Amino acid sequence: MNPNYLDFEQPIVELEEKIQELQTLVQNSELDLEEEIEQLNNRKCQLMDQVFSKLDDWQITQLSRHPLRPYTLDYVDVIFDDFDELKGDRYFSEDPAIVGGLAWLGQQAVVVIGHQKGRSVQEKVHRNFGMPKPEGYRKAKRLMEMAERFSLPLITFIDTPGAYPGVDAEERGQSGAIANNLLTLSTLKTPVISVVIGEGGSGGALAIGVSDYLLMLEFSSYAVISPEGCASILWRSAEKGPDAATAMGVNAQHLKKMGLIDEIVPEYLGGVHRNFASTAKALSSSLKSKVAQLIAMDTSDLLQRRQDRIENYGCFEVQGV
């Protein structure tokens, strides 16, 4: 079993490994195996379509956490130019779980903020598995205010299981730091666009997610709490996570239907990690279009639009009343 892939992906991975073996064999010999390779590729495409067209909420949650899924800095490298990272909250320290700085989106200067997880064990620990502490959110707030000061659009990338719940974070005002970010974003006098690129968990995600447009990648997830956390509260067992994920409706299609997000960015069949370039291109095009639309708006209209958007969250109709 390949640890870099999820359980439901293993049959696909086995086919890919067989295809790779045959391709290597062809390179090192004069055997003609094109027909066999083509048959295996056809089987792989059919299997991928069968698996990924019917993912349930728990499988989507797993895919949003995929170990090979691109992180914020991967998107920054491809979508933006001349990214200049800015560090520190000017109060306590630097928090590597959140990255941010100045960059160019085409011909438009922007401020970029995003959660950053790690690949290797050392980097995961260094970045605290993408779970920011108060200093991370204060750093983000400093960059938000800088974007407003210089009239630069703000683009945020959400990918965290949640804010760090440790004692040291609580001692330094974790909930207050998140609340201050919510207030800052809701009244920020510059366009704000947020993108859920992986898992968006709890207030740790929302702290950089109040925006004029909220986008989600097709196989990302977004919820007030992780499915395991919800299951631990309701059923006293994290093993009920799949049931919680279904009840919560964490997938992009459900959230779009509920009017909680604005756009779903399509991913390559099998996930963004299988063809990062195509998804990044689609996301770049969407970001440029929305930035152009928002910067053309008057500031008062922009703020009114954002206020109306926030106030409409949770509105529903009761049939038969």
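# A tour by selection

Select Phe-219 first: with a relative accessibility of 6%, this residue is buried. Buried here denotes under 20% relative accessible area, exposed over 50%, and partly exposed the range in between (1.4 Å probe, protein chains only). The model is a predicted one, in which local features need pLDDT of at least 70 and side-chain atom pairs count only at pLDDT 80 or more, while totals for chains, interfaces and linings use all residues. Residues are numbered from 1 along each chain as its sequence is written, and side-chain values use heavy atoms, with hydrogens and water left out.

**Aromatic pairs**

The whole structure contains five aromatic pairs. Rings of Phe, Tyr and Trp (its six-membered ring) pair if their centres lie within 6.5 Å; planes under 30 degrees apart are stacked, over 60 edge-to-face, and the rest tilted. Phe-52 belongs to helix α2 and Phe-219 to the loop between β6 (213-217) and β7, 167 residues apart. Helices (H or I, at least four residues) and strands (E, at least two) are DSSP runs numbered from the N terminus. Phe-52 is buried, at 5% relative accessible area.

Next, select Tyr-75 and Phe-276, an edge-to-face pair with centres 5.0 Å apart and 85 degrees between the planes. Tyr-75 is in helix α4 and Phe-276 in helix α13, so this pair ties together parts 201 residues apart in sequence. Tyr-75 and Phe-276 are both buried.

**Helix α3**

Now display α3. Seven of its eight residues are buried, so α3 is largely enclosed by the rest of the structure. The buried residues, among them Trp-58 and Leu-63, pack against α2 (34-52), β4 (154-160), β5, β7 (221-223), α10 (227-234) and α11 (241-248). At the N-terminal end, Asp-56 caps the helix, a side-chain oxygen lying 3.1 Å from the backbone nitrogen of Trp-58.

**A salt-bridge network**

Arg-65 forms a salt bridge with Glu-199, with 3.0 Å between the closest N and O atoms. Arg-65 sits in the loop between α3 (57-64) and α4 (72-79) and Glu-199 in strand β5 (residues 192-201), so the pair ties together parts 134 residues apart in sequence. A salt bridge requires a side-chain nitrogen of Lys or Arg within 4 Å of a carboxyl oxygen of Asp or Glu. Arg-65 is partly exposed at 27%, whereas Glu-199 is buried at 9%. Glu-199 also meets Lys-117 in a salt bridge (2.8 Å, N to O). Select Arg-65, Lys-117, Asp-159, Glu-199 and Glu-228 together to see the network of salt bridges that links them. The structure holds 20 salt bridges.

**Helix α13 again**

Finally, select Ser-286, found in helix α13 (residues 276-295) and buried at 7% relative accessible area. Its side chain makes a polar contact of 2.9 Å with the side chain of Glu-263. A polar contact is a pair of N or O atoms within 3.5 Å; within protein, one must be able to donate a hydrogen and the other to accept it, and residues adjacent in sequence count only if both atoms are side-chain atoms. Leaving aside residues up to four places away in sequence, Ser-286 touches Leu-215 and Glu-263, contact being heavy atoms within 4.5 Å.
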